Amino acid sequence: MDTQTALDIGRETLMIALVVSFPMLCVGLVVGVAISILQAVTQIQEMTLTFVPKIIAMAVAMAFFMPWIIDKLLTFTRQMLGPMPVP
């Protein structure tokens, strides 16, 4: 394996990690901003108030996006293991 191949594999691995984690990160961001706006409007400054709704929303997003995530990871795994030479 040459340097360019190793760099391509590393780049592809980072891209698939970013793509797979993007839906949960977006849901967490949207829920966090919504709760922050709610806290600013009501002037409730409870730090633990943000964690439970974000965790629940991210768990729901993970359950919703799980088939897509598994498909992406299986495709990537097949792509990585496909060209391996058998000794």
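User: Where is the place of Gln43?
Analyst: Gln43 sits in the loop between H1 and H2. Helices here are DSSP runs (H or I, at least four residues), strands are E runs of at least two, and both are numbered from the N terminus. Before we go on: this is a predicted model, where local features need pLDDT of at least 70, side-chain atom pairs count only at pLDDT 80 or more, and totals for chains, interfaces and linings use all residues. Residues are numbered from 1 along each chain as its sequence is written, and side-chain values use heavy atoms, with hydrogens and water left out.

User: Okay. What about phi of Gln43?
Analyst: Phi of Gln43 is near 60°, which is a positive value in a residue other than glycine. Most residues other than glycine have a negative phi.

User: Is Gln43 buried or exposed?
Analyst: Gln43 counts as exposed because its relative accessibility is 66%. The cut-offs are under 20% relative accessible area for buried, over 50% for exposed, and partly exposed in between (1.4 Å probe, protein chains only).

User: And Thr50, buried or exposed?
Analyst: Thr50 is buried, at a relative accessible area of 15%. Its place is in the loop between helix H1 (3–42) and helix H2 (51–81).

User: What is Thr50 in contact with?
Analyst: If you skip neighbours within four places in sequence, Thr50 is in contact with Ile35 and Gln39. Contact means heavy atoms within 4.5 Å.

User: New topic. Which residues make up the largest nonpolar core?
Analyst: There are 6 residues in it: Ile16, Val20, Met24, Ala61, Ile69 and Phe76. H1 and H2 are the elements that give two or more residues to this core. A nonpolar core is a set of buried Ala, Val, Leu, Ile, Met, Phe, Trp, Tyr and Cys residues joined through side-chain atoms within 4.5 Å. Leaving aside neighbours within four places in sequence, Ala61 is in contact with Met24 and Val27.

User: Which residues make a nonpolar surface patch?
Analyst: Phe51, Val52, Ile55, Ile56 and Val60 make one of about 510 Å². The area comes from the Shrake-Rupley method with a 1.4 Å probe, and for residues only the protein chains shown count as cover. Patch residues have over 30% relative accessible area and no salt bridge; nonpolar side chains (Val, Leu, Ile, Met, Phe, Trp, Tyr) are joined within 5 Å, like charges within 9 Å. Ile55 is in helix H2, and at 57% relative accessibility Ile55 counts as exposed.

User: How many salt bridges does the structure hold?
Analyst: It holds 2. A salt bridge is a side-chain nitrogen of Lys or Arg within 4 Å of a carboxyl oxygen of Asp or Glu. Arg11 meets Asp8 at 3.7 Å, N to O, and Arg11 also forms one with Glu12, where the closest N and O atoms are 3.9 Å apart. Shared partners join Asp8, Arg11 and Glu12 into one network.

User: Where do Arg11 and Asp8 lie?
Analyst: Both are in helix H1, 3 residues apart, about one turn of the helix. Arg11 is partly exposed at 48%, and Asp8 is partly exposed at 31%.

User: Last one: how many aromatic pairs are there?
Analyst: The count is 1 aromatic pair. The ring centres of Phe64 and Phe65 are 5.1 Å apart and their planes are at 85°, so the pair is edge-to-face. Rings of Phe, Tyr and Trp (its six-membered ring) pair if their centres lie within 6.5 Å; planes under 30 degrees apart count as stacked, over 60 as edge-to-face and the rest as tilted.
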